[in-house]
Amino acid sequence: MSTRPSVQELKEGLTGGDRGSLSRAITLAESRRADDQEHAQELIADLLPETGKALRIGITGVPGAGKSTAIEALGLWLIERGHKVAVLVIDPTSSRTGGSILGDKTRMHQLSSQENAYIRPSPSGGVLGGVARKTREAMLLCEAAGFDVIIVESVGVGQSEAELAEMVDCLILLLVPGAGDELQGIKRGIMELADMIVVNKADGDRVPMAKRARGDYRHALRMLPPSTPGWETPVQIASATEGTGLAEIWESVEAHRALLEESGLLEKRRRHQTEKWLDSMIEEAVLAAVHSRPGVDEAITRARADVDAEKVTVPQATRKVIEAAGLSTEES
Ligand SMILES: Nc1nc2c(ncn2[C@@H]2O[C@H](COP(=O)(O)OP(=O)(O)OP(=O)(O)O)[C@@H](O)[C@H]2O)c(=O)[nH]1
Ligand SMILES: [Mg+2]
């Protein structure tokens, strides 16, 4: 029989480097149960002074670009140089299935057997802001556990980029040579968000193609505003399977970090991220509270029908819903 560890026990285990405690703490933070949440929040609040010291890196790119392979290679490279690396893999499947089917897909077998590495799928939660919330909390817990580099792998290209950019210090966009930008789903917005672009799979006969792509992206970037004032987004080529280009990637990550620190932007960026997190959580909580009031969902159904039948205007229908929720209508 397993007894539930107290917040104090988890805190001691986690800061003492016990991975079991770290895993348990993250599970607690992911739980939807009210009592688990209370414990998790108490623990995270307690640990806040121990957080924020890691370098937070996000990696995004189309499926199959080599994100996991690159993270494994970079992770091993960093561990050799004395770093402790935590990897959070945002898993879109686990919220629906109740368990991760990502499992083997994350691969990273070599990295996961390292004592100074920690790899964990992060459920996306199925709600807006869900990715950010669970992953952020897992990130804070990993930092408190002494990991000095946190790498977040995002699911494909799309909606999640902006959310990922909102929780890391440095966003790396991983591309593959040869595929057109449309094929890669690369939008200008993502290139603008990226702090670094890496053309992966620059090996074998793909090298010339990768170099050409590097030139094209460098050119394209000239027409875009920088992700950070004073920063010129570097474009590099690498091969995750051969382990080439890793030192250059890390050099750029550190240069970017130095710029953020020297300019005071790191603190500003993180404060802004936390404020946005708070805003989105408040919005989510308020919305959930409104939906949970009796009669509100029925009022929404009625409002839709009335708008469909052109009996009322959209603002009128909205006001009815607000009234059904027992909220003031003065501003709406
Ligand atoms: N030749 C070559 N193949 C690579 C390289 N990096 C990754 N691959 C291969 O590309 C395939 C996909 O790699 P992953 O690391 O799983 O890609 P991913 O971006 O994490 O994919 P998803 O998580 O499914 O989005 C695998 O078969 C890798 O072995 C590389 O640098 N060179
Ligand atoms: Mg992957």
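Q: What share of the protein chain's contacts with a separation of 6 or more comes from residues 24 or more positions apart?
A: 71% of those contacts. Keep in mind that this is a predicted model.

Q: And how many helices and strands in the protein chain?
A: 14 helices and 7 strands.

Q: What fraction of the residues is buried?
A: 38% of the 332 residues in the protein chain count as buried.

Q: Let's take strand S5. How many of its residues are buried?
A: 6 of the 6, residues 170-175. So S5 is largely enclosed by the rest of the structure.

Q: Which side chains go which way from S5?
A: Cys170, Ile172 and Leu174 point one way. Leu171, Leu173 and Leu175 point the other way. All of them are buried.

Q: In what sense does S5 pair with S1, parallel or antiparallel?
A: Parallel, over 4 bridges, with S1 covering residues 55-60. Ile57 stands opposite Cys170 of S5.

Q: And with S6, over how many bridges?
A: S5 and S6 pair over 4 bridges, also in the parallel sense. There, Leu173 stands opposite Ile197 of S6.

Q: Staying by S6: where is Lys201?
A: In the loop between strand S6 (196-199) and helix H10 (207-221).

Q: Is Lys201 buried or exposed?
A: Buried, because 25 other C-beta atoms lie within 10 Å, and the cut-off for buried is 20 or more.

Q: What about Glu310, what is its phi?
A: Positive, about 55°, although Glu310 is not a glycine.

Q: Where does Glu310 lie?
A: In the loop between helix H13 (296-308) and helix H14 (314-324).

Q: Buried or exposed, that one?
A: Glu310 counts as exposed, because it has 7 C-beta neighbours inside 10 Å. The cut-off for exposed is 12 or fewer.

Q: New topic. How many residues surround ligand 1?
A: 16.

Q: Which are the closest?
A: Pro63, Gly66, Lys67, Ser68 and Thr69.

Q: How does that shell divide into nonpolar, polar and charged?
A: The shell around ligand 1 has 3 nonpolar, 9 polar and 4 charged residues.

Definitions and conventions
Residues numbered from 1 in each chain as written. Chains lettered and ligands numbered in written order. Predicted model: local features only at pLDDT ≥ 70, side-chain atom pairs only at ≥ 80, totals over all residues. Helix = DSSP H or I, 4+ residues; strand = E, 2+ residues; numbered from the N terminus. Contact = placed C-beta atoms within 7 Å. Pairing = 2+ DSSP bridges. Near = placed C-beta within 6 Å. Nonpolar A, V, L, I, M, F, W, Y, C, P; charged D, E, K, R; others polar.
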